[in-house]
Amino acid sequence: MADVHDGYELALVSVWVGLVVWCDGDRFWWRSGWDARRSRPVYAWHPAMEPNRAATRIARRYAQLQETHPQSETVASVMNGSPKAAEDPR
């Protein structure tokens, strides 16, 4: 599941906690880590001319983040179509 947004001549896809991929037609870019020394995020990018290679790199980052930020039980139950999750008013 992903959220897709557009505007400001950018396409954004929210893939997972901490993984938003931007594209301006020339390149894809995404946050690839954190630089503790500089207290700022580190970004990776890939040319839009090579979407398959970019997707491979983004998929690797997605797998890393799934290990460190697993789905909550609520999200997992909704994704699996659990009726209990749909009834829960919280």
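Me: Which residue lies over the face of Trp45, and at what distance from the ring centre?
Reply: This is a predicted model, in which local features need pLDDT of at least 70, side-chain atom pairs count only at pLDDT 80 or more, and totals for chains, interfaces and linings use all residues. Residues are numbered from 1 along each chain as its sequence is written, and side-chain values use heavy atoms, leaving out hydrogens and water. A charge sits over a ring if NZ of Lys or CZ of Arg is within 6 Å of the ring centre and within 35 degrees of the ring normal. Over Trp45 lies Arg27, and its distance from the ring centre is 4.1 Å.

Me: In S5, which residue is the bridge partner of Trp30?
Reply: Strands are DSSP runs (E, at least two residues) numbered from the N terminus, and two of them pair if DSSP finds at least two bridges. S4 (residues 27-35) and S5 (residues 40-47) are antiparallel, with eight bridges. In S5, Trp30 is bridged to Ala44.

Me: Which residue in the turn between S3 and S4 has a positive phi?
Reply: S3 (residues 19-23) pairs with S4 in the antiparallel sense over three bridges, and Cys23 stands opposite Phe28. Three residues separate the strands of this hairpin, and the positive phi, about 95 degrees, belongs to Gly25.

Me: How far apart in sequence are the parts tied together by Trp22 and Tyr43?
Reply: Rings of Phe, Tyr and Trp (its six-membered ring) pair with centres within 6.5 Å, edge-to-face if the planes are over 60 degrees apart. Trp22 and Tyr43 are edge-to-face, at 6.0 Å and 65 degrees. Trp22 lies in S3 and Tyr43 in S5, so the pair joins parts whose separation is 21 residues.

How values were computed. Helix = DSSP H or I, 4+ residues; strand = E, 2+ residues; numbered from the N terminus. Phe/Tyr/Trp six-rings, centres within 6.5 Å; stacked < 30°, edge-to-face > 60°.
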